[in-house]
Amino acid sequence: MKYRNIVILTGAGISAESGLGTFRGSGGLWEDHRVEDVATPEAFQRDPGLVHRFYNARRRNLGKVKPNAAHIALARLQTGHPGSVILITQNVDDLHERAGSGTLLHMHGELLRARCRACADVFDWPEDMDDGTPCPSCAAMPALRPHIVWFGEMPFHMEEIDAALLETDLFISIGTSGSVYPAAGYVAQIHALGRAHSVELNLEPSEGQSLFAERRYGPATEVVPDYVEEILGGAA
């Protein structure tokens, strides 16, 4: 076994081929909305109705799409690799889960969950919500918000991610622009440690592409399954 501990980071590019929109910092838009209007704590405080409508629409749209070959390949890697395969995703969709992935850290939250601002409980939440939706635990209202890490908030699972990066001997970055931190800095951490092989699988070079030891470019549905087969076949 060439690699014992594999850590994989996925971004919006892996879900784009399933039909989900990606965030582009240069245009300042997220699915046709200004980030400042729908994806910050200030936006939610200013206009919770708009933010709820945005995430309600995204939640409904999520039910119309399916995992693609890249998601399925990563699930196969987790099942077939005799060592550890930890999957870290910046995505808030559930396509990795639906593809069959197990060990999965959603660092930016989950679209199909809600969190109470009053009692801090977190719930599975596949339906719409608004300021008139009471908390199932404490009945506070208005209280519920999407269980999403907005710009300016601290990502989830940071200690687990840092521990995984220290132990990995293969780091794979898939479908991410390398522009959103802290995830954009992970390849620099790997590079500085000097103990793991790093691979970028992307549609085009990311902002941190020069730090990767290996780079392969093309659609995620092509490059990811090919690379997974190499790992499982012992050729990577």
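**Exercise 1. In which strand does Ser84 lie?** Describe its surroundings in this predicted model.

Solution. 
- Step 1. Ser84 belongs to strand S5.
- Step 2. The relative accessible area of Ser84 is 28%. Buried means under 20% and exposed means over 50%, so Ser84 is partly exposed.
- Step 3. Setting aside neighbours within four places in sequence, Ser84 is in contact with Arg4, Asn5 and Ile6.
- Step 4. For a distance across the model, take Thr133, which is 49 residues from Ser84 along the chain. The C-alpha atoms of the two residues are separated by 41 Å.

**Exercise 2. Which residues touch the most other members of the largest nonpolar core?** Then say which elements supply the core.

Solution. 
- Step 1. The largest nonpolar core has 22 residues, and Ile8, Ile172 and Val224 touch the most other members.
- Step 2. At least two residues each come from S1, H5, S5, S10, S11 and H9. H9 gives the most, with six residues.
- Step 3. Apart from residues up to four places away in sequence, the contacts of Ile172 include Ile6, Ile8, Val199 and Tyr227.

**Exercise 3. How many salt bridges does a search of the whole structure find?** Examine examples that join separate parts of the chain.

Solution. 
- Step 1. The search finds 12 salt bridges.
- Step 2. One of them pairs Asp128 with Arg60, with the closest N and O atoms 2.8 Å apart. Asp128 is in the loop between S8 and S9, Arg60 is in helix H4, and the two are 68 residues apart.
- Step 3. Another pairs Glu229 with Arg76 at 2.6 Å between the closest N and O atoms. Glu229 lies in H9 and Arg76 in H5, so this pair ties together parts 153 residues apart in sequence.
- Step 4. Arg34, Glu36, Asp37 and Arg46 are linked in a network of salt bridges.

**Exercise 4. Is Arg115 buried or exposed?** Find what its side chain pairs with.

Solution. 
- Step 1. Arg115 is found in strand S7 and is buried.
- Step 2. The nearest side chain of opposite charge, Glu153, is 4.8 Å away. A salt bridge requires the atoms to be within 4 Å, and Arg115 has no salt bridge.
- Step 3. The side chain of Arg115 makes a polar contact, at 2.8 Å, with the side chain of His147.
- Step 4. Not counting residues up to four places away in sequence, Arg115 touches several residues, among them Asp121, Leu144, Pro146 and Phe156.

Conventions: Residues are numbered from 1 along each chain as its sequence is written. This is a predicted model: local features need pLDDT of at least 70, side-chain atom pairs count only at pLDDT 80 or more; totals for chains, interfaces and linings use all residues. Side-chain values use heavy atoms; hydrogens and water are left out. Helices (H or I, at least four residues) and strands (E, at least two) are DSSP runs, numbered from the N terminus. Buried means under 20% relative accessible area, exposed over 50%, partly exposed in between (1.4 Å probe, protein chains only). Lys and Arg count as positive and Asp and Glu as negative; His and the chain ends are not counted. A polar contact is a pair of N or O atoms within 3.5 Å; within protein, one must be able to donate a hydrogen and the other to accept it, and residues adjacent in sequence count only if both atoms are side-chain atoms. Contact means heavy atoms within 4.5 Å. A nonpolar core is a set of buried Ala, Val, Leu, Ile, Met, Phe, Trp, Tyr and Cys residues joined through side-chain atoms within 4.5 Å.
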